[in-house]
Amino acid sequence: MSELNTPAKESNQSNKSKKNTQFSKLLAPLDLGFTTLKNRVLMGSMHTGLEEHPDGARRMAAYFGERAKGGCGLIVTGGYGPSKRGATHPNTNIMTSAEDIAKHRVITDEVHKYDSKICLQILHTGRYAYNKKLIAPSAIQAPINPYKPEAVTVEMIEGEIQSFVDLALKSQQANYDGVEVMGSEGYFINQFTALRTNQRDDEWGGSFENRIKFGVDVVRRIRQAVGEHFIIIFRLSMMDLVEGGSSFEEVVKFGQAIEKAGATIINTGIGWHEARIPTIQTKVPRAAFTWVTARYREHFSIPVITSNRINTPEVAEAVLQRGDADMISMARPFLADAEFVNKTAAGRSDEINTCIGCNQACLDHVFNGEMASCLVNPRACFETEINIVPTKAIKKIAVVGAGPAGLSAATALAEAGHEVTLFDGDNEVGGQFNIAKQVPGKEEFSETIRYFSRQLELTGVTVKLNTRVTANELNSSDFDEVIIATGINPRLPPIEGIEHKKVLNYIDVLKHKKTVGQKVAVIGAGGIGFDVSEYLVHSGTSTSQNIAAYMKEWGVDMTLTARAGIEGVKAEITAPARDVYLLQRKDTKVGAGLGKTTGWIHRTGLKNKQVKMLSSCVYHKIDDAGLHLSIAGERQILAVDNVIICAGQDPARELTEGLNKPYHLIGGADVATELDAKRAIKQGLEVAVRL
Ligand code: FAD
Ligand code: NAP
Ligand code: SF4
């Protein structure tokens with residue numbers, strides 16, 4: 001590797017653009033030898049679905065352009081397959097023709113307008129491809145894929161390596177500043193490295209040296225082809241979190257070989273997709289895995305990026321100050337707020353719309369084949385479609401209800417220039433998010449309330465708390481229009497004895513902190529039933545606030561002695577605070593309706609706490625003896641101290657009765673069935689854009 005390609009670990013260059021000493025490390029440039037990144041922030045790779053959209057080039061230019069304009073130093077695109085068989089899905093777009101290259105130039109040109117850099121991610125999915133003709137080092141099916149791969153022949157391997165090189169060259173022609181080679185998360189390169197997936201007995205399998213040869217050859221040959229002035233990031237799986245993954249020593253050797261082969265930067269990968277340890281969801285502590293990067297950093301001489309659940313500039317700065325890494329990768333936080341870096345630099349970090357790690361509009365959408373977006377920022381990936389423009393006809397608007405729907409509507413309406421008054425009967429804004437944030441592992445939900453509270457100040461909304469509004473009051477006011485965002489009323493199922501003193505609802509428990517006994521039945525196993533159960537089995541703080549406790553709970557070895565971070569490690573789960581039965585009437589698996597990428601985490605969490613999850617329940621009555629019910633036809637009594645009702649909700653729209661002003665229903669007040677904050681916030685923004 002030439003001198004030009006050997007970047008300094010720390011840039012000595014003076015930081016002329018540095019405005020904010022609180023974030024002196026995060027905002028410092030990074031000198032890569034042949035080019036300089038303006039700060040230490042990388043927008044991590046996310047497939048959004050824009051890649052396949054017919055108008056994808058224009059929309060991606062707007063999407064990435066906003067993030068570049070927002071100050072991000074280096075952006076990595078979603079993963080592009082180097083070959084048809086290596087792509088995520090048969091319909092996934094890959095870059096092959098001159099026309100494709102021209103489309104990508106629309107994106108790179110837009111990003112370069114803002115002195116930002118962009119790399120294309122090369123992602124060979126191997127046995128994770130949702131493609132009947134998928135390939136892998138060995139014909140071993142992934143537990144998360146219905147398709148079994150064909151093992152690649154030696155001749156095919158040469159073709160696959162060349163396909164990485166060809167895509168890197170095309171990226172260069174499309175004016176990308178570099179590529180990221182995806183070598184982690186259990187994808188093709190990782191499948192070669194690990195014995196779990198590589199059982200070949202030729203020169204590409206067997207010894208560790210043979211197993212890492214594929215990844216090393218890919219990087220070496222890309223470097224030979226693209227020359228010295230092109231960034232190559234290698235995403236290295238630092239902790240596989242699956243049986244049969246790599247050991248610490250092997251990862252060090254692999255990383256060093258990758259560095260020698262010509263990589264510019266090493267990025268951190270944590271856990272294969274099939275691993276059963278949550279690595280990014282909201283209950284994962286912030287910056288939970290930067291200690292892993294820190295352990296490897298001293299073994300490499302090129303810059304190292306760390307990642308996973310870093311969602312505020314304060315946390316990112318602390319990670320860099322500790323010396324865990326040279327740079328920070330944040331992916332979802334850039335869906336939540338395109339201006340993350342500029343706000344940080346201007347000392348306005350309290351204005352950042354923080355990613356709460358819910359996965360509801362990003363990963364869940366992608367896995368359901370929908371366009372990605374963001375629960376807290378519905379404009380994400382819709383930059384060309386949804387825009388707040390200054391109004392030409394200023395109206396006086398009353399927004400009733402300061403839950404997610406009302407907050408979103410009020411702030412967007414005020415931003416457009418309307419005179420907005422926001423009312424809430426409660427003494428604080430946030431609606432049900434104030435209840436959600438009480439749930440262990442959902443502490444992040446308070447960030448959304450903080451963000452909107454600041455937006456209310458910035459946009460000049462008049463806020464009237466402790467004010468329960470009536471139709472009469474609105475009728476006699478001078479408001480031109482009313483937005484009804486009054487949310488929901490919890491449903492009380494018609495069960496005999498529902499008035500018994502041992503019956504509580506989730507608001508009694510989570511908000512009013514009513515005393516709950518040792519033995520509890522929860523009626524209703526939707527999102528709220530799960531959350532209430534989680535709350536009830538915990539005592540004291542949750543492990544989402546404590547990295548060491550979290551690693552113990554999920555059986556991760558923080559000494560990195562155990563192979564892949566987990567082999568032979570026993571999870572240490574604290575005893576549940578209560579005995580909980582979580583019940584539903586349906587005969588389906590309990591929790592089947594939870595989020596696609598997070599449902600397993602909720603189910604596993606409760607199973608570990610010995611919650612008894614029962615379906616096919618018919619509730620007969622509640623009395624001093626407990627809850628009388630039939631489970632799969634068998635009558636029994638659960639001798640519980642309390643029965644907690646989490647049986648869904650109905651719209652709270654009493655305000656519409658007798659209201660003679662023009663009004664719009666949003667959020668739970670509109671439709672309570674399958675209501676979530678994603679819809680509530682989106683509807684709030686949409687009504688504002690329409691008015
Ligand atoms: P609400 O949040 O209910 O807000 C309505 C507001 O209107 C309230 O503040 C109320 O005081 C006020 N109000 C009502 N009537 C009047 C009146 N006449 N005058 C003045 N003010 C009035 N959603 C997710 O997407 N993901 C989750 O993980 C998630 N977890 C949750 C966990 C729990 C424990 C709970 C309870 C909810 C959770 N939700 C979650 C659901 C989410 O919070 C709701 O979908 C969302 O809050 C609905 O927003 P909204 O604005 O329509 O109503
Ligand atoms: P929900 O998801 O609709 O669940 C309601 C539960 O109550 C169901 O399990 C239902 O199952 C049961 N039920 C309905 N009517 C009943 C009746 N008459 N008698 C007895 N049981 C009845 O609603 P929720 O749990 O209240 O959640 C509200 C919304 O908040 C959800 O739509 C969800 O999107 C959102 N939320 C999301 C999360 C998340 O993690 N993403 C977390 C919390 C809340 P049976 O009919 O089978 O009994
Ligand atoms: Fe973050 Fe949730 Fe938005 Fe995804 S949907 S980016 S996890 S806040």
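In this predicted model, strand β10, which spans residues 265-270, has six of its six residues buried, so the strand is largely enclosed by the rest of the structure.

The neighbours of β10 can be followed next. Strand β9 (residues 231-239) pairs with β10 in the parallel sense over six bridges, and within this pairing Ile-265 is the bridge partner of Ile-233. Together with helix α6 (residues 248-261), β9 and β10 make a right-handed β-α-β unit. Strand β11 (residues 304-306) also pairs with β10 in the parallel sense, over two bridges, and here Ile-266 stands opposite Val-304. Between β10 and β11 the chain passes through helix α7 (residues 290-297), and this β-α-β crossover is right-handed.

In one of them, the ring centres of Tyr-130 and Tyr-147 are 5.3 Å apart and the planes stand at 65°, so the pair is edge-to-face. Tyr-130 is partly exposed, with a relative accessible area of 44%, and Tyr-147 is partly exposed as well, at 21%. The rings of Phe-192 and Trp-204, with centres 6.5 Å apart and planes at 65°, also form an edge-to-face pair. Because Phe-192 lies in helix α4 (residues 188-193) and Trp-204 in the loop between α4 and α5, this pair ties together parts that are twelve residues apart in sequence. Phe-192 counts as buried at 0% relative accessibility, and Trp-204 counts as buried at 6%. The charged end of Lys-213 sits over the ring of Trp-204, 4.1 Å from its centre.

Notes
Residues are numbered from 1 along each chain as its sequence is written. Chains are lettered from A and ligands numbered from 1 in the order in which they are written. This is a predicted model: local features need pLDDT of at least 70, side-chain atom pairs count only at pLDDT 80 or more; totals for chains, interfaces and linings use all residues. Side-chain values use heavy atoms; hydrogens and water are left out. Buried means under 20% relative accessible area, exposed over 50%, partly exposed in between (1.4 Å probe, protein chains only). Helices (H or I, at least four residues) and strands (E, at least two) are DSSP runs, numbered from the N terminus. Two strands pair if DSSP finds at least two bridges between them. A crossover is right-handed if, with the strands pointing away from the viewer, the path from the first strand over the helix to the second runs clockwise. Rings of Phe, Tyr and Trp (its six-membered ring) pair if their centres lie within 6.5 Å; planes under 30 degrees apart count as stacked, over 60 as edge-to-face and the rest as tilted. A charge sits over a ring if NZ of Lys or CZ of Arg is within 6 Å of the ring centre and within 35 degrees of the ring normal.
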